[in-house]
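Visitor: I would like a close look at a single part of this protein. Start with a term I need, then take me through the part and on to other places.

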Amino acid sequence: MFDKKFKIVSVLAIIVILITLFGKTLISKIASVDEITTLTEAKSITYYKKSCSYEDSQVCNELGDMYHYGTDIVSVDYEEAVEYYKRACELEDGKGCNNLAYMLNKGQGIHKNNWTALRLYKKACKYKEMEACYNVGSMYYHGEGAKRNYYNAVQFFEKACNNRIGAGCNNLGYMYEHGKYLARNRNKAMTHYADACEMGEASGCANLAALKEKRGNLRPAKQLYERACLLGDNHSCNQLENVLGKRIYEIKGERELNEAKSACNRSTQGGTMCYRVGLYYEKEEETELAREYFEKACSRKQSQSCKHLGDLYR
């Protein structure tokens, strides 16, 4: 027993001696890890810059992105971003020209100049950067950098759309729907919105959903609003409430319940579906769940939900 205790004490004593002798060295080595990381990051940027200096246009553009948006390696610096985008554009890189035009259009890191931005977007489009073609169309549509010109806008939107830029298809759809330069044509508008939606453009899904809703086609409208909502369109998340409110007057089964809960949880404004979920749970005598959904609906100014909450708290 004594021998066992002696061994334990001896081991502890050795550990204490090692910490005393080498503790500072170990701590300094641990501390130096951050310094090594910083040095590695600095070397990373050095080599990127060297690659750019050897006229690798893609790396120049990538450096521009790094300074534009900031990374773990570098902080946001719009002026540096402009310099690298400019270098990439000079090397005939479409993305570089497109990004430089954006900085000029927004006045980030360089004096705002829409006239030059438009010409750089055209240059990028010429280099087959299709987002730039859409941007040219958008500037002509809004009259930025040149007089408003719907004819030119259509030409560039068509080029973008034909090369799978969903925003271009969506804008063509809008022009057909509202008769902007193009003859008003709902069917062509719907076709272009559908193409935009298929390409992942949320506004295309939302605009097509709105046309379906106007025609009373509530089920496809609901599906399209759901897709637009998932793609980040908050307005569509709120529209789900309206569409389901017209279709589901009373929740009777699991499928309707799940649809209503989904619409309620995604929405930030409407309270109709939250209210009807609350009614469902109240009928099922699940008071806590009913209260939860009535509170959501009440916070969105659904008056009947507020009354039901009052009844539950009586």
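Guide: A crossing of two helices is left-handed if the near helix is turned anticlockwise from the far one by less than a right angle. If the turn is clockwise, the crossing is right-handed. Keep in mind that this is a predicted model.

Now the part itself. Helix H7 covers residues 150–162, and helix H8 covers residues 166–178. Their axes are 7 Å apart, and the helices pack at an angle of about 140 degrees. Angles over 145 degrees count as roughly antiparallel, and 65 to 115 as roughly perpendicular. H7 and H8 are therefore oblique to each other. Their crossing is left-handed. H7 brings Tyr150, Val154, Phe157, Glu158, Ala160 and Cys161 to the contact. H8 brings Gly168, Cys169, Asn171, Leu172 and Met175. Sorted by class, eight of these residues are nonpolar, two are polar and one is charged.

Next, look at a residue that touches both helices. Histidine 192 lies in helix H9, residues 186–198. Its contacts beyond four places in sequence are Cys161, Cys169, Asn170, Leu172, Gly173 and Tyr176. Cys161, Cys169 and Leu172 also take part in the contact between H7 and H8. The relative accessible area of histidine 192 is 17%, so this residue is buried, the cut-off being under 20%.

The loop between H8 and H9 holds tyrosine 181. Tyrosine 181 is not a glycine, yet its phi is positive, about 70 degrees. Its relative accessible area is 48%, so tyrosine 181 is partly exposed. Compare glutamate 92. Glutamate 92 sits in the loop between helix H3 (78–90) and helix H4 (94–106). Here too phi is positive, about 65 degrees, and the residue is not a glycine. Glutamate 92 has 55% relative accessibility, so it counts as exposed.

Take tyrosine 67 from the list. Beyond four places in sequence, its contacts include Ile45, Lys49, Val74, Tyr78, Ala81 and Tyr84.

H6 also holds asparagine 135. At 18% relative accessible area, asparagine 135 is buried. Away from its sequence neighbours within four places, asparagine 135 contacts Asn98 and Tyr121.

One more buried spot. Alanine 228 is in helix H11, residues 218–230. Its relative accessibility is 0%, so alanine 228 counts as buried. Its C-alpha atom is 6.9 Å from that of serine 203, which is 25 residues away along the chain. Leaving out neighbours within four places, alanine 228 contacts Ala202, Cys205, Ala206, Asp233 and Ser236.

Last, step back to the whole. The protein has 16 helices and zero strands. Of its 314 residues, 40% are buried. Count the contacts between residues at least 6 apart in sequence: 45% of them join residues at least 24 apart.

Methods:
Residues numbered from 1 in each chain as written. Predicted model: local features only at pLDDT ≥ 70, side-chain atom pairs only at ≥ 80, totals over all residues. Heavy atoms only, no water. Helix = DSSP H or I, 4+ residues; strand = E, 2+ residues; numbered from the N terminus. Buried < 20%, exposed > 50% of the residue type's maximum accessible area, 1.4 Å probe, protein only. Contact = heavy atoms within 4.5 Å. Axes fitted to C-alpha atoms, helices over the stretch in contact; angles between N-to-C directions. Parallel < 35°, antiparallel > 145°, perpendicular 65-115°, else oblique. Nonpolar A, V, L, I, M, F, W, Y, C, P; charged D, E, K, R; others polar.
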